[in-house]
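Please open the structure in the viewer and keep the selection tool at hand.

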Amino acid sequence: MSPLLRRTPRKKPTERTVTLIGKPDCHLCEDAEAVIKQVCDELGTPWEKKDITQDEELYRAYWEQIPVVLVDGEQHDFWRVDPKRLRTALGG
């Protein structure tokens, strides 16, 4: 069977991880954090926050896009976070 057609078991929201990449004193980052906290708390999904000013690699990769949201290490969104889209991505 083609890998594109093969179905892999879906992870439960509690088995996913959301990462917010941002910086201090960023109003868009604060808005994104509020949405992530609400959705993740609702679904029981663990989440973490990373500061690009403390990590040169993250700074180079994401400076022009912050805030950036990763789901299981893959980029999901940037600048604005849509709660419905995030909830759907997490399987909720």
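Begin by selecting E42, which at 47% relative accessibility counts as partly exposed; in this tour buried means under 20% relative accessible area, exposed over 50%, and partly exposed in between (1.4 Å probe, protein chains only). The model is a predicted one, in which local features need pLDDT of at least 70 and side-chain atom pairs count only at pLDDT 80 or more, while totals for chains, interfaces and linings use all residues. Residues are numbered from 1 along each chain as its sequence is written, and side-chain values use heavy atoms, with hydrogens and water left out.

**First stop: salt bridges**

The side chains of E42 and R87 meet in a salt bridge, 2.7 Å from N to O. The term salt bridge denotes a side-chain nitrogen of Lys or Arg within 4 Å of a carboxyl oxygen of Asp or Glu. E42 lies in helix α1 and R87 in helix α3, so the pair ties together parts that are 45 residues apart in sequence. Helices (H or I, at least four residues) and strands (E, at least two) are DSSP runs, numbered from the N terminus.

Side chains of opposite charge can pair when their charged atoms come close. How many salt bridges does a search of the whole structure find? The search finds 8.

Next, select R80 and D31. These two form a salt bridge whose closest N and O atoms are 4.0 Å apart. R80 belongs to the loop between β4 (74-78) and α3 (83-89), whereas D31 belongs to helix α1 (residues 27-43), so this pair ties together parts that are 49 residues apart in sequence. R80 is exposed at 56% relative accessibility, and D31 is partly exposed at 42%.

Remain on helix α1 and select K37 and D41. Their side chains also meet in a salt bridge, with 2.9 Å from N to O. K37 and D41 are 4 residues apart in helix α1, which means a separation of about one helical turn. K37 is partly exposed, with 42% relative accessibility, and D41 is partly exposed, with 49%.

**Second stop: the cysteines**

Select C29 and C40. Is C40 buried or exposed? C40 is buried, with a relative accessible area of 1%; C29 is buried as well, at 6%. A search of the whole structure finds 0 disulfides, a disulfide being a pair of cysteine sulfur atoms within 2.5 Å.

Strands of a sheet pair through backbone hydrogen bonds, either parallel or antiparallel. Here 4 strands form an open sheet with mixed pairing, in the order β2-β1-β3-β4; two strands pair if DSSP finds at least two bridges between them. At the edges are β2 (47-51) and β4, each of which pairs on one side only. Neighbouring strands of this sheet are turned against each other by 25° on average, direction ignored. Helix α1 packs on the sheet, where it touches β1 (18-22), β2 and β3, and its direction makes about 170° with that of β1. Contact means heavy atoms within 4.5 Å; axes are lines fitted to C-alpha atoms, for helices over the stretch in contact, and angles run from 0 to 180 degrees between N-to-C directions.

Now select β3 (residues 68-71), which is joined to β4 by 4 bridges and runs antiparallel to that strand. A further 4 bridges join β1 to β3, and these strands too run antiparallel. V68 stands opposite I21 and also opposite F78 in β4. Which residues cover the two faces of β3? V68 and L70 on one side and V69 and V71 on the other are all buried.

Follow β3 into the turn. β3 and β4 form a hairpin with 2 residues between them, and D72 in the turn has a positive phi of about 55°. The bridge partner of V71 in β4 is E74.

**Last stop: aromatic rings**

A search of the whole structure finds 2 aromatic pairs. Select F78 and W79: their ring centres are 4.7 Å apart and their planes stand at 70°, so the pair is edge-to-face. Rings of Phe, Tyr and Trp (its six-membered ring) pair if their centres lie within 6.5 Å; planes under 30 degrees apart count as stacked, over 60 as edge-to-face and the rest as tilted. F78 is partly exposed at 31% relative accessibility, and W79 is partly exposed at 44%.
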